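Work through the exercises below with the sequence and the model open. Each task is followed by a solution in steps.

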Amino acid sequence: MTEKLTLRNLKRGETGIVTGFVKNDAIREEELREIGFAEGDEVQVLEYGSFGRTPISVRLNRTIIAVRANEAQSIEVSRA
Amino acid sequence: MTTVIEKISTDQSKPLQATDSFTVALVGAPNCGKSTLFNGLTGGRAKVANYTGVTVETKQGSFRTPGGRQMSLIDLPGVYGLSGKTADAKVALDVIRGQASEMRQPDAMLVVIDAAQLRTHLQTALQMRQIGLPMIVVLNMVDLARRDGVELDIDKLQARLGVPVIPCTATRKAGREAVLNALDELAAAPSAQVAVEAAPLKQVQQEARQLFQDVVLQEPALNKLTRSLDGIFLHPLSGLLIFTGIMFVMFQSVFSWSETPMGWVEGLIAFLSDIVVGITPDNWLRSLLVDGIIAGVGSVIIFLPQIIILFLFILFLEMTGYMARAAFLMDELMLRVGLNGRAFIPLLSSFACAIPGMMAARTLESEKDRLTTIMVAPLMTCSARLPVYTVIIAAFFPAETVAGFLNLQGLVMFGLYFAGIISAIIVAFVLRKTLTKGRAQPLLMELPTYKFPDLSELLLGLWQRAKIFLRRAGTIIFVVSIVLWVLTAYPGDSLETSFAGMIGSVLLPVFEPIGFNLEIVIALVPGMAAREVAVGALGTVYAVQGAEENMDGLAEVLRSAWSFPTALAFLAWYVFAPQCISTIAVARREMNSWGWTWLMVAYLFAMAYIAAGGTYWIASALM
């Protein structure tokens with residue numbers, strides 16, 4: 001089985017489209033959906049934190065949202 | 001009207017009783033401009049009240065509509081949707097669902113959405129329709145969005161949502177008037193209610209995206225300026241450097257800018273004392289007024305300039321949008337010790353005073369994060385410890401240069417601050433592994449567009465903070481000052497024969513093993529009101545007149561009266577110094593639990609004792 005591409009895999013400046021959420025954590029999925037992540041949304045990795053490339057500032061449509069690496073790992077994307 | 005709320009906000013069991021007037025709740029995502037609209041509609045006259053159980057702030061104000069209706073407005077914590085996972089969001093949702101025991105359900109909702117963030121905020125508006133309250137959607141910051149090039153079909157949006165949609169810019173009068181008119185119409189026809197069947201979030205999101213496609217004709221790319229600024233401010237290297245620089249300037253300013261205004265406050269206190277001395281006979285009443293109330297309350301009011309400067313920085317950084325970036329930069333480091341990046345602001349404030357710090361912890365969403373933050377806040381070296389450090393260091397450490405360029409006294413001072421930070425890290429880490437164990441709260445935080453702060457809003461915020469601080473000085477500290485005065489003034493005529501002296505003698509066996517003498521223990525008793533009072537008390541015990549002004553005189557006496565290990569032990573004690581009563585009182589209020597409060601006092605006391613004892617024993621053995 002090939003690992004699905006997640007927001008964590010995108011490089012700085014790279015853009016992707018949200019395809020879904022990793023299925024193992026329903027609470028996290030709801031948190032992510034509530035702040036606005038949804039299938040079909042455009043995401044772009046803008047900046048990384050100074051320690052271990054986390055947190056990540058992500059452009060979600062026209063909003064910038066800070067997510068931690070483990071949260072980014074729950075967002076499945078396809079490269080735009 | 002005002003008396004009702006006044007009474008309520010002081011009565012913890014019944015906060016924010018909704019009055020009979022038409023009540024409107026302000027609902028919306030964080031950063032949607034809700035508070036600006038609140039200030040605009042109510043003229044900034046708000047009563048901030050604590051919600052029982054969880055101390056989440058809700059603000060209540062009132063206004064009159066053009067149709068002559070008196071309405072009250074409740075500003076609720078920001079919510080993105082209906083899941084209500086955080087303490088903040090739960091309160092907001094309980095209120096609008098009519099499940100809050102303290103308040104009846106509001107009559108209507110103003111759902112505020114940012115016109116420039118429609119793709120995500122429409123999702124919030126759609127979910128709010130499920131509540132079933134009459135609602136008006138306020139399309140906020142519409143001018144700004146239009147200027148950026150956003151084009152949208154408002155009529156279509158209104159038709160599709162099935163509720164009135166009012167374009168508005170909260171800082172402008174015309175927009176606010178349109179909101180008021182819409183509220184008039186709504187109040188006249190209360191049947192204008194929507195109740196949409198509850199639907200899974202995923203489905204609502206799809207609906208929101210579809211709606212967005214249909215009503216937003218054009219939307220430009222994200223603000224260029226914000227992106228390039230983030231490239232600098234969030235950069236792994238330059239971001240950290242700038243952050244450190246800002247913190248440095250901030251601390252310098254809190255201490256250096258405040259000197260002059262603190263001198264004024266000091267002068268005012270002396271002036272008041274002189275007046276009272278002039279008009280009262282030399283008896284107990286004069287002593288109560290001058291030594292008790294004016295000196296006691298004055299010793300706290302003196303910190304008003306520092307608090308105002310600190311909050312000036314905090315509010316400015318918050319309003320420009322930088323504070324969220326600071327939390328971003330600090331998140332990973334703080335996460336490793338079990339704190340949330342957002343706890344950074346409360347802990348920073350605690351360097352001025354733990355009290356505003358603990359109050360700032362209300363912005364933390366997770367209850368466990370909040371408890372942990374409040375528990376360690378007293379370990380940040382507050383400004384009240386500074387006079388104590390200054391006197392002892394001046395007495396026992398020569399002002400010599402070490403390692404070529406470092407000032408020894410400054411180095412000791414830095415060491416004491418550092419010791420506090422390290423202990424906070426350890427305590428937070430241990431708490432998160434034991435009592436506040438649990439899943440780490442996600443960061444998931446919006447980084448708002450950078451903007452220049454609105455001056456009047458900045459001043460209003462400062463005024464509100466100052467008012468809270470002064471009210472406290474007029475109540476808790478007023479009472480404590482009187483109690484301590486009684487303890488130090490009776491029954492004998494000297495401190496040694498007073499109640500404080502007796503308490504000191506009783507406590508002496510406890511403190512003797514860690515190197516404290518009777519004089520120190522006596523000084524610790526009045527030091528409970530405010531830590532720096534200990535300096536004045538030491539002066540009284542050693543009969544040094546005007547010890548606060550005459551620090552050199554006191555230093556000389558201490559040098560001959562204390563051994564070096566005792567001085568070190570005293571400094572170590574003050575790193576933890578659990579004895580400031582106002583901090584304990586505020587911690588109790590903010591945590592809403594005596595258990596946690598006692599735990600905090602106990603662990604601070606234990607650490608102070610062990611640190612002072614350890615320092616004393618090791619230093620004695622080495623000398």
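**Exercise 1.** Find which residues are linked with B:Lys202 in a network of salt bridges.

Solution. A salt bridge is a side-chain nitrogen of Lys or Arg within 4 Å of a carboxyl oxygen of Asp or Glu. Step one: the network links A:Glu29, A:Arg33, A:Glu39 and B:Lys202. Step three: the count of salt bridges between chain B and chain A is three, and over all chains the structure holds 21.

The model is predicted, so local features need pLDDT of at least 70 and side-chain atom pairs count only at pLDDT 80 or more, while totals for chains, interfaces and linings use all residues. Residues are numbered from 1 along each chain as its sequence is written, chains are lettered from A and ligands numbered from 1 in the order in which they are written, and side-chain values use heavy atoms, with hydrogens and water left out.

**Exercise 2.** Locate the salt bridge between B:Arg209 and A:Asp41, and state whether A:Asp41 counts as buried or exposed.

Solution. Step one: the side chains of B:Arg209 and A:Asp41 are 2.6 Å apart, N to O. Step two: the pair crosses between chains, with B:Arg209 in helix α8 of chain B and A:Asp41 in the loop between α1 (26–35) and β2 (42–51) of chain A. Helices (H or I, at least four residues) and strands (E, at least two) are DSSP runs, numbered from the N terminus. Step three: buried means under 20% relative accessible area, exposed over 50%, and partly exposed in between (1.4 Å probe, protein chains only). B:Arg209, at 10% relative accessibility, counts as buried, and A:Asp41, at 0%, is buried as well.

**Exercise 3.** Describe the contact between chain B and chain A.

Solution. Step one: 48 residues of chain B are in contact (heavy atoms within 4.5 Å) with 36 residues of chain A. Step two: about 3,700 Å² is buried between the chains, 56% of it on carbon and sulfur atoms. This buried area is the accessible area (1.4 Å probe) that two parts lose on being put together, summed over both. In chain B, the residues that lose the most area to chain A are B:Leu222, B:Phe328 and B:Leu444, together 17% of what that side buries.

**Exercise 4.** Which strand of chain A pairs with β12(B)?

Solution. Step one: strands pair if DSSP finds at least two bridges between them. Step two: β4 (residues 63–67) of chain A pairs with β12(B) in the antiparallel sense, over two bridges. Step three: A:Ala66 is the residue opposite B:Met445 in β12(B).
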